[in-house]
Amino acid sequence: MSDQVLYTCGVLILLAPLVGAVLSGALGPVLLRSRAHWPVVAGVAVAFITSVVLCAQVAGAPEGATSALIPVYDWIAHGAQDAKGATAYFKVEYLIDPLTAIMLMTVTGVSLLVVIYSRDYMREHGKAVHGYERFFAFLGLFVFSMCALVLGGNFLLLYLGWEAVGLCSYLLIGFHYGRPAAAAAAKKAFLVNRIGDFGFALGILLIYLTFGSLEYGAVFEMVSQGLTGSGDPLSGDRITAIALLLFCGACGKSAQLPLHVWLPDAMEGPSPVSALIHAATMVTAGIYMIARCGAIFAASPTAMMVVAVVGAATALFGASIALVQTDMKRILAYSTISQLGYMVLAIGVYAADSAIFHLFTHAFFKALLFLGAGSVMHAMGGIIDVRHFGGLRKVLPWTFATFVIGSLALSGFPMLSGFFSKDEIIHHALAAHPVLGVIGLLTALLTAFYTFRMVFLAFHGPYRVPEGVHPHESGIWMRAPLLVLSVGALAAGYLGAEGTGALHRFLEPVFADTFVRNNPIHIVEHAGFWAHYGLMIVSGALAIVGILAAYLLYVREPWIPGLLKASAPRAYRTLWNKYYVDELYDGAIVKPAQRGGRFCVGLDDYGVDGLIWVVTAIPRAVAYLLRTAQSGLLQGYALSMVAGIAIILLLVLWA
Amino acid sequence: MESWILTIVIFTPLVGGVLLMLPPYGNNASVRRSALFYSLLTLGISLLALFKFYEGAPANSYDDPAYLLTHRAPWNTGELIDIDGLAVPSIDIAYHVGVDGISIWLVVLATLLMPLAILSGFRSIRTRVREYYCLLLFLETGLLGVFCAMDLLFFYVCFEFTLIPLYFLIGIWGGSERRRAANKFFIFTLAGSVLTFAGVLYLAYYSYTTLGYLTLNIEKLIELGQGGFLPYNLQWWLFLAFAAGFAIKVPLFPVHTWLPLAHTEAPTAGSVILAGVLLKLGTYGFCRLSIPMFPDASRELAPTIAVLAIIGIIYAALAAWVQKDIKKLVAYSSVSHLGFCMLGLFSLKVAGVSGGVLYMVNHGLSTGALFLIVGFIYERYHTRKFAELGGLARPMPWLAFFLIFFTLSSIGLPGLNGFVGEFLVLLATATSATTDDGIAAGPLGYAYAIPAALGIILSAVYMLRMCQRLLFGSLVEPAGTPDTSTGLSKDLTRREIGILTPIALCCLAIGVYPKPLLDTFEVATRQHVLRHPAPRTRTDAGTLEQQRSASLRRSVASTAPAGDLNKLSTPTNRASVGLIGASALISAREDRTPNASAESIRVKQPASRGGDRRPGDDT
């Protein structure tokens, strides 16, 4: 693992997608036109291959030397001076370690498949849609941003990537900017993320205030020693405050309660974008950040408790809403929220490696599901609501087969990828607190149910499609990524599954000092047979029960859901309206703030200006009074002269 | 050449403007071309000055604070008087210009924006073309004069002079309410700067009572303030007097109400220069004059100013959110941004001041560009109402690209310029109470950063609202538009793209690699803005007195007889000399600034500070 090689890898991973994006954007309208995907496909492919090389480098590194900090250049002078009295800078620098490597592989790998898939998806009847080159340029920029986020070696670069993925999601969600809903969704995504960023930025400021540095290594070192930058002992409240502020950012980006509201609306973007946002980039950033800042979080039990509770609550919350939605992509969106909840929960119970494992497997099956849904949408001419079609398994055999694989993996069907990672998380949650574990199990049951509800509604039952739609299976550019992802969804779990545990061992140097040390159980070594396999059996059984229940309700006895809906209308409506969170925010925050804005304008126009009018009225009033004296009548002047002389005389004589 | 270069930069536009007024009068097209030529010439010379500045900068260390490229022509009024055997003019007023790391970049900013502003009016200004460009060029001279001034009187003259061209620019070429806007602008800013002038006069008078001769040399006045020779009470009042003029110019809440109106009514070039450069005169005044000259009062009043700045950030952002007029929205965003700038300056930290100055540059670029874009829209649609426009991204992709780009720059997206300034300001505010940078602990703290950081959310709220309403959704255009009768195309023309592209490139460059700017800002900040580490407040005046007399004795002991005072300014004992400030020779920099080295500051020690003891008496 020589620094030179790592430096080159980092540069390639960052620049290849960026250059691709710039080329697509610049040359797309004039030269490439419907070939505008090539620069981005090539760029992301280079990034992926380099990531694999990088991962091999890290894996091949000797023990204890798996982490390297590679400086690139001086970025921002922050006024302080270093030990030698020279100006200190926030640098542009990479941190390369197993966590970075695994994230880069996931990000670039899934992104590559998504980019390939988009080549056909962004065409109608073989013709590139309006804004084709723009789409690919933004995809390239998105990959660049996410890689920058993951590669950055200090909090400021993390923030850079953090904001940049927010921007790219804004641009891509609003890709169909002519549709007001898309424009609104894009803005919402950016703003909700900014609310999280507000906390995140304050967290970074507090880190700098406390430690005098923003470089990961230096900060984490001080945290583990319990010291501040000036050598004083670090107070528990301070580290809790830092952790919670950072977590605020993670809530925004990884769509945790209460900042989850942007993610379902983000479905307004084209399906490949959804796949990218939900699987590889964007939402995983929050998970990555908490895992990266493990030292900070693990140092504060309070913060860890908050993280675990928020994660568990989000998992259940998302799954419950997904039960009743009818838009396939929206169901998947709530499912993402729920699965992200699992990951956050895992970190909260000191199982960050399990969280990353779940992130890894989830990337495969969630990308697969979104691309599958995109395939359905493509075939249905843009309609994705399961109330409008059904029985598609015959006409879309490839899509159906891969979609089922993805659904099984998401449901946690035994021996598929989602099963291993989710089971691990539930195991840790149970060990930490029974309630958390039970919520995890319950969510697993719901997950299996709503996933297969969607599958049965869309692909089973009598064949019906909307008027004027002639569904057809997609071309090879779209099918190939689906197949590759299916393989991943089937097999990715074995990378981390018990027995091999390769992923965990790979990640261990990153988490050993922070999470693993504090974890009450360490799964690979200590779990007894029944303690562990018992749970595996239970969670596998729950998944099968959920699937069977969905089969019963939506295939065998389709009248039952209607009855349920009628018997509990209020609960149904609450779920349908997503617990009214949007309405609550609108009424409690947006409207009052807008009123505040109008008040400010009014104050400007009448209050401040009125006051100034009053002040300027004083000279005017004086002038008005004096003006009456200037009447031009000689008698008046004479009179006042006499009166003046009289007064003066009086004064003189008196004194 | 070296010493004349700033003078040439300052007066090229003036000469150009005068030449425009002289016969032979060309037609409108040739007037436009010549105006553009003069402004480009100024830009070229200012870039040369920047280059010269960098050549001189390495020798310029913290220990030897110097202004570079100085040029001095004394008035030589008053008779020469004898102070300690040196002949000094009794009235030390001069045409005196020079730059440091802060002002050189502001000069470049002003000279960069002016040709672009001139270019932006090529189609829209059709009446009284000659006067229009003359006024713009005169305005540029005024602005450059302020940034380069080393003499307080020259500073003030230029500061006031800028009002006149802008008054006419708004009043003649403005929108429907131009008269009211021009009057309001003029009266507001004049009212404030009259107080500033009172402060200037008193300061000059006070320098006479302290030093024995009257000086308006900014360097010497700073030494006076930094040396602790301005009593706290006096500092307090002078700070307020100076702030009256500067705060209105910034504009600081609650005296900002002239700005939205003036911006909205001004022609595009006027708005660009107003937002891009003119507002910076206020913040520049604070950081060049108020903070270094009145350090104790600044420290004491900083929390008040910071609170006003934070109120301004939030208040203006909320107001911007509900605007119905695009230009007014951008104008209110200016108020909000300048709040950040003030907050950074009054964190009294190196990072804050250099961040604040960078914020000035950034705001000039991004808000200037936004005003340009609003102008381009107005030229086509003759309206600036959100309600009458929408979905412009489809017919105008270039416009959409630039609008989103500058929006992102304005809301501080990392990788673009806005972020660097904003982050440094917040960082300095949060860490104001620490001493990591070798400067005394500042008066602010983390609690100030929390409400200020709300600006991160709010700026995105109103700017994205603007983008959404203007660019996205279905196409909405007023009937009969876009108006292409003046030769404009539907999307931006090449000229317009050519105006915006350089600004965009600057934004990107500063965002990715701000080092060249920040390095010079930092040096200048340490040299000229926040110089002395010892905190001075009313409470520790006693200890201060002891420090002073101690350092006085120290420096005096190390000094040769009076005739040899020049030796004092070797770097090693520079610090102690700085502490006693006016008690010894300050400005001897024979090697670099031969013109300025003739006189030196001497102190007629006030009785309260040790009777008639003078440097040299003890030896």
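Trainee: Which side chains of chain B and chain A meet in a salt bridge?

Mentor: This is a predicted model. A nitrogen and an oxygen stand 3.6 Å apart in the pair, and the cut-off is 4 Å. The count between chain B and chain A is one salt bridge. The two side chains are those of Lys515(B) and Asp74(A).

Trainee: How many residue pairs are in polar contact between chain B and chain A?

Mentor: Both residues of a pair must have pLDDT 80 or more to be counted. On that basis the count between chain B and chain A is 13 residue pairs.

Trainee: Which helix gives the most to the side of chain B that touches chain A?

Mentor: Several helices of chain B give two or more residues to that side, among them H7 (178-211), H17 (446-471) and H19 (515-529). The largest share is 15 residues, and the helix that gives it is H17(B).

Trainee: How many residues on the side of chain B that touches chain A are nonpolar?

Mentor: In all, 62 residues of chain B are in contact with 54 residues of chain A. The two chains bury about 5,000 Å² between them, 71% of it on carbon and sulfur atoms. By class, the chain B side has 12 polar and nine charged residues, and the nonpolar ones number 41.

Trainee: How far apart are the end C-alpha atoms of H7(B)?

Mentor: H7(B) has 34 residues, so at 1.5 Å a residue it should span 50 Å. The distance in the model agrees with that: 48 Å.

Trainee: Which residue follows H7(B)?

Mentor: Its phi is positive, near 95°. The residue is Gly212(B).

Note on methods: Residues numbered from 1 in each chain as written. Chains lettered and ligands numbered in written order. Predicted model: local features only at pLDDT ≥ 70, side-chain atom pairs only at ≥ 80, totals over all residues. Heavy atoms only, no water. Contact = heavy atoms within 4.5 Å. Buried area = accessible area lost by both parts, 1.4 Å probe. Polar contact = N/O pair within 3.5 Å; in protein donor to acceptor, adjacent residues only side chain to side chain. Helix = DSSP H or I, 4+ residues; strand = E, 2+ residues; numbered from the N terminus. Nonpolar A, V, L, I, M, F, W, Y, C, P; charged D, E, K, R; others polar. Expected span 1.5 Å × (residues − 1).
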